[in-house]
Amino acid sequence: MWHIDIEAPRSRGFSRFELAVVVTIISLIALPLLATLMRYQGIAERQRMENDVRDMQTFLNLKLLDFMLSGDKDGLAQLPGSNPVRLLERVPINYHGEADDATKVKEGGWLFDQSRRELVYRPISFSFPYREGEVGELRWKLEQNRVSERSVRLTRKRQSGIEAE
């Protein structure tokens with residue numbers, strides 16, 4: 001007599017091969033998404049850095065106007081080479097203070113290099129979108145304007161020593 005087993009065989013889940021195929025497919029889908037996310041992270045970091053510089057330039061202009069209106073020539077004379085972060089009402093979250101050695105600046109942060117009298121920014125993201133002539137850390141300095149001795153400007157310094165506007 002014939003015996004027929006009506007019960008269906010029990011499934012034990014994914015085999016290792018099926019699991020490896022699923023993980024591979026998910027990885028192939030996620031890689032372009034992660035690359036895009038990292039690119040946008042670098043763009044956001046650059047935008048935040050440029051906003052901080054724009055804020056410093058705005059507060060520098062306000063300070064210059066204040067010195068000119070009050071006739072404070074001594075205050076105006078002290079601006080070149082000073083720390084532009086001190087002009088801000090609120091320092092950036094990633095500002096690490098002043099030091100004699102710019103190598104102490106943490107990635108993604110600002111530091112005022114007292115020995116060179118320059119403000120230094122070191123990007124954190126390896127996807128930071130550098131522009132032509134930019135390598136590694138970026139630097140700015142408050143300098144006397146060549147056109148008018150009653151004006152000071154925040155100038156970005158290139159690695160080769162050539163100034164950039």
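Biologist: What covers the buried residues of H1 in this model?

Modeller: The cover includes helix H2 (73-78), S2, strand S3 (118-122), S4 and strand S5 (152-157). Please keep in mind that this is a predicted model.

Biologist: Which residues of H1 are buried?

Modeller: Among them are Gly42, Glu45, Arg46, Met49, Leu60, Leu64 and Phe67. "Buried" is the word for a relative accessible area under 20%.

Biologist: How do you know that the span of helix H1 agrees with its number of residues?

Modeller: Helix H1 covers residues 16-70, which is 55 residues. At 1.5 Å a residue they should span 81 Å, and the end C-alpha atoms are 78 Å apart, so the two values agree.

Biologist: Where in H1 is the kink?

Modeller: The kink, of about 30°, lies at alanine 30, shortly before proline 32. After H1 comes glycine 71, with a positive phi near 75°.

Biologist: Why is the pair of tryptophan 110 and tryptophan 140 called tilted?

Modeller: By the ring rule there are four aromatic pairs here. In this one the ring centres are 5.3 Å apart and the planes stand at 50°. Stacked needs an angle under 30 degrees and edge-to-face one over 60, so what remains is called tilted. The pair of tryptophan 110 and tryptophan 140 is therefore tilted.

Biologist: What makes this pair a tie between parts that are 30 residues apart in sequence?

Modeller: Tryptophan 110 sits in strand S2 (residues 109-113), while tryptophan 140 sits in strand S4 (residues 138-144), so the pair ties those parts together.

Biologist: Why is tryptophan 140 called buried?

Modeller: Its relative accessible area is 6%, and the cut-off is under 20%, so tryptophan 140 counts as buried. Tryptophan 110 is buried too, with 0%.

Biologist: Why do tyrosine 121 and phenylalanine 128 count as a tilted pair?

Modeller: Their ring centres are 6.4 Å apart, and rings pair if the centres lie within 6.5 Å. Their planes are at 40°, so this pair is tilted. Ring pairs link Trp110, Tyr121, Phe128, Tyr130 and Trp140 into a cluster.

Biologist: Which residues have the most contacts inside the largest nonpolar core?

Modeller: They are Leu60, Leu79, Trp110, Leu119 and Trp140, in a core of 22 residues. H1 gives the largest share of this core, six residues. Beyond its neighbours within four places in sequence, leucine 79 is in contact with Leu60, Leu64, Phe67, Leu87, Leu142 and Val152.

Key
Residues numbered from 1 in each chain as written. Predicted model: local features only at pLDDT ≥ 70, side-chain atom pairs only at ≥ 80, totals over all residues. Heavy atoms only, no water. Phe/Tyr/Trp six-rings, centres within 6.5 Å; stacked < 30°, edge-to-face > 60°. Helix = DSSP H or I, 4+ residues; strand = E, 2+ residues; numbered from the N terminus. Buried < 20%, exposed > 50% of the residue type's maximum accessible area, 1.4 Å probe, protein only. Expected span 1.5 Å × (residues − 1). Bend = angle between axes of the 7 residues up to and from the residue. Contact = heavy atoms within 4.5 Å. Core = buried A, V, L, I, M, F, W, Y, C linked by side-chain atoms within 4.5 Å.
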